[in-house]
Amino acid sequence: MTISKGSAAGMRPGCAQWLKTSNNISQQFLAFGGRPDVVSLAGGLPAAELYPLAAIQSATQRALERHGPAVLEYGAIEGFPALRRLIAARISAETGGHFTPENVLLTSGSMQGLDLIGKVLLDPGDFVVAQSPTYLGALDAWRPRAPLYRKLDWDLQEPGFDDALARAKFVYTVPNYSNPTGVLVSQERRAALLDKVLAAGTWLVEDDPYRTIQLDGPPGRSILGHYVARHSGAYDGPVIYLGTVSKSLVPGLRVGWIIAEHGMIQALTLAKQATDLSSSMLTQAITLELLEQDFDSEHAKAIVPLYRERRDALCNEAALRLSEWFEWEVPVGGMFVWMRARNQAIDTDELYRFAVEEKVAFVPSSVFDFTGQDRFAMRVNFTRSSPEVITEGVRRLERAIATYVSS
Ligand code: PMP
């Protein structure tokens, strides 16, 4: 075996594939979108100018005064005990269920939760049922495990779907304002999917980072909540629920959580121990200070009206300039508009090259698609930039499309 820089020699097939594709793609978008002369509608971030610096500063002070050097140590692998208790109490209140701290594993963002789930559940060749398009980070997290995907079609009627479900290790879904499509899945569909998951005896991973970005009213019950509504007593269900403060507060705290039944939490905890020994106790203690005061709800009151304004700026300008070529649903929450090319007339991988010339970034659909067929849509973010910058971005997109179609 010859090992040279950049060589994939000896790597597992999933890793070698990973090196070739997604890794480069993510880095490419981040690098281009981060240039000051570029209007980036590509990221999936909260607005940095709205980050609550003063609240985080005073929460840090309080956390250090309250806990002293204890928060500067390695900590309990399951997470900061008081924060575990708070998350268990919150999820109990939200769903009406009986969750204890033993149902909670605190993670370094929900991204770590996705990784741990792959470590615990996936062997190469296992099946995962997931929406397509789906969150790129989840595909990245599981790529080294080389799973096979089956598309989750939400009408749940496709021939063979029940068999696929019975063979799947888990179903992965983002029912609230999905990344990348912004779609809010109806309550009926959530309940129907849960029925099928229970009948198939498989796990269901419900990834819910956008829950608090409610632009037109609350999203209703989580799938976890549907399970709890039907089963009383200690939680013993198949739903593995992922939460995070990345969108409700700031991503830099790197605090997320997994809610699951005890055995699954124990397995995930062992996997976490072998990954990072413990998440940062300091940022968990800071998060505790903020959540104890319901600061996330306060913060949502400040940011949601601004995000609504930005969504409207994007959709209104796009209606004027892009609707000849693209169509979309106005999202009722989250951070993205999913624009689909009419009659598959625009290949967004190709369009991206013209967008680079016009100095505007979006994310083409191909990166979110494990079927490898969807090249005719794009994800456009509206939370990160001001309405003026978004408007300018849409103008640049219009110019890029005009050049593309006449080329
Ligand atoms: N899941 C989804 C659907 C996401 O969009 C993101 C963030 N882009 C994550 C998980 C990861 O979030 P975190 O910052 O909590 O790791």
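**Note on the predicted model**

1. Strand β2 (residues 104-107) is covered on both faces: V104 and L106 on one side, and L105 and T107 on the other, are all buried. Buried here means 20 or more other C-beta atoms within 10 Å of the residue's own, against 12 or fewer for exposed and partly exposed in between, with C-beta atoms placed from the backbone. Strands (E, at least two residues) and helices (H or I, at least four) are DSSP runs, numbered from the N terminus.

2. This is a predicted model, in which local features need pLDDT of at least 70, side-chain atom pairs count only at pLDDT 80 or more, and totals for chains, interfaces and linings use all residues. Residues are numbered from 1 along each chain as its sequence is written.

3. β2 pairs with strand β8 (residues 256-259) in the antiparallel sense, over 4 bridges. Two strands pair if DSSP finds at least two bridges between them.

4. A separate point concerns an open sheet of 4 strands, with the order β9-β10-β13-β12 and antiparallel pairing. β9 (326-327) and β12 (363-364) are at the edges and have a single partner strand each, so one side of each lacks a neighbour in the sheet. β9 is joined by 2 bridges to strand β10 (residues 336-341), and the two run antiparallel. E327 has R340 as its bridge partner in β10.

5. The ligand has 14 residues around it, of which G109, M111, N179, T244 and S246 come nearest. A residue is near a molecule if its C-beta atom, placed from the backbone, lies within 6 Å of it. Helix α5 (residues 109-121) gives the most to this shell, with 3 residues. By type, the shell has 5 nonpolar, 8 polar and 1 charged. In this count Ala, Val, Leu, Ile, Met, Phe, Trp, Tyr, Cys and Pro are nonpolar, Asp, Glu, Lys and Arg are charged, and the others, Gly among them, are polar.

6. A285 lies in helix α11 (residues 281-292). It counts as buried because it has 23 C-beta neighbours inside 10 Å. Apart from neighbours within four places in sequence, A285 is in contact (C-beta atoms, placed from the backbone, within 7 Å) with A63, H67, V71 and F80. D347 is 62 residues from A285 along the chain, and their C-alpha atoms are separated by 47 Å.

7. An unreviewed UniProt entry carries the annotation "domain: Aminotransferase class I/classII large" for residues 54-397. Over residues 54-397 the chain is 45% helix and 15% strand, with the end C-alpha atoms 36 Å apart.

Conventions: UniProt positions renumbered as here; feature names shortened; annotations may be inferred. Contact = placed C-beta atoms within 7 Å.
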